[in-house]
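Morning, everyone. Let's take a quick look at one model and at how its chains meet.

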Amino acid sequence: MALSKRKKAMYMRYVMYIASIAILVVVILFIDWGRLGNAMFRWNIVKDQFPNILTKAAKNTVVFTVLGFTGGISFGLLFALMRLSTIRPYRWFAATYIEIFRGIPLLVTLLILGFGIPIATGWHWPNPYLQGAIPLSLVASAYMAETIRAGIEAVPKGQMEAARSLGMSYARAMITIIIPQALRIIVPPLTNEFVLLIKDTSLISVLGVTAATKDLARFGRDGVNQTANATPLIVAGLVYLAMTLPLTQLVAWMERRTKAASR
Amino acid sequence: MNADIVVNVTNLNKSFGDNHVLRGIDLQVQRGEVVCIIGPSGSGKSTLLRCVNMLETPTAGTVVVLGRDLTDIDCDLDEARTHIGMVFQQFNLFPHMTALENVCVAQRKVLKRSAAEAKEIAHGLLARVGLVEKDNAYPAQLSGGQQQRIAIARALAMKPDVMLFDEATSALDPELVGEVLQVMQSLAHEGMTMLVVTHEMGFAKSVADRVVFMDGGVIVEQGPPSQVISAPVEERTRSFLSSVLNH
């Protein structure tokens, strides 16, 4: 007797559940946990990472992220306003900037600005933090400009008209009426940009580092070289997760809240 | 020049690309006069109203309000707009502010009134539109009719010399239209100069001093409501009125 469509679908679901659990069990059974733990998670090496991984490496990652984000949001707002301007050269400049810095990999931008410019001009970066943070913020500003522009454009046109009809100047209306409303829209995507920045700071170490400016990724890599064991990188990865997971959860919570509020 | 002419529009033309929306409008509004603009959709009546406070920039012609030529490049539009109140079809209240803040914000930021003075004026106006108890409500917590009455209070807070109403009741549920029209009617009775784009023929008939019928970007006919609405001369006016009154 042929099965009905719905019965078939029901059995298919059972098969999917059982298959995925079976695969998981096989993986767990066949992995050599002892060897894996020995190469990637040795407890005495884990303990050796502390406290320096937090007090030095994670601190540097946070410094690079905060500098990059602060610069990125300031220039991002500027470029967003330029893209929305009625003055065409402003729009062209901002659009070109955004396309260039979104189109070139961060690694390449870091190398050009960090190494290429000093070689070409004889000028040297006065501070190793700025050498990493400024290229980072230039790239971040290109992405954030688009996020901010989308947020401003999502505010209904009537808001600007109402503000202008009350005698507010364009700048006053932007500051008092439009940007506060745009902020509500752009805080979740901007927090995502922040998470991306935390991870992107790991590229800065290609510029060469002193002991004082080592970030988390470089700290982990150097740890691998010293111990001939992958544990330091695993610990660095866990520290990244400790920073990014709360933020991604925060974004998820904010998005659920706005969804609930708009209902 | 007559000091009692509040709005003086001369040979106003407005095009959006190839679309010639206003084709030579001449319109004067006297102090204390209530002028209702009626006409089919797409006739240019909203565009005309939006040119009066320069939310739309005219392609040609002049708009003189309170003796200021708004089309003159040297005219301070922000200052001029403080004398011209506007009420929108979609209310356009600021959703991140309470009713009270909506009525106060421009008083504070534009007219630089003190917080206490702005609040006092706002409370008076909220009472006048019958919403004094809603001062701490956000727009999303209010009905459309309540929102529009707050929007009227917000415009009045600037103590404007003339009020523009752009289809102020068109976005409202039918049972909420009355409360907004009532506020507009009481304003008219107190002598406010009003330029009202509306589909409410009953309101135009009972409140307007003059009715202007527009079609195809020109003023077809104007005069007291007893003439334009009750005994129109032009064929276009007659066919428009019969289509809106007999539906």
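Predicted model: local features only at pLDDT ≥ 70, side-chain atom pairs only at ≥ 80, totals over all residues.

An unreviewed UniProt entry lists residues 58-251 of chain A as "domain: ABC transmembrane type-1".

Now the interface. Chain B brings 22 residues to the contact, and chain A brings 17. Together the two chains bury about 1700 Å². Of that area, 62% is on carbon and sulfur atoms. Which residues of chain B lose the most area to chain A? They are Asp78(B), Phe94(B) and His96(B), with 32% of what the chain B side buries between them.

Next, the polar side of things. Five residue pairs are in polar contact across the interface, counting pairs with both residues at pLDDT 80 or more. There are also two salt bridges between the chains. One of them joins Arg50(B) to Glu161(A). Their closest N and O atoms are 2.7 Å apart.

Where does the chain B side come from? Four elements each supply at least two residues: helix H2 (77-81), strand E6 (84-87), helix H3 (99-109) and helix H5 (144-156) of chain B. H3(B) gives the most, with three residues. By class, this side has 13 nonpolar, four polar and five charged residues.

Methods
Residues numbered from 1 in each chain as written. Chains lettered and ligands numbered in written order. Heavy atoms only, no water. Contact = heavy atoms within 4.5 Å. Buried area = accessible area lost by both parts, 1.4 Å probe. Salt bridge = Lys/Arg side-chain N within 4 Å of Asp/Glu carboxyl O. Polar contact = N/O pair within 3.5 Å; in protein donor to acceptor, adjacent residues only side chain to side chain. Nonpolar A, V, L, I, M, F, W, Y, C, P; charged D, E, K, R; others polar. UniProt positions renumbered as here; feature names shortened; annotations may be inferred.
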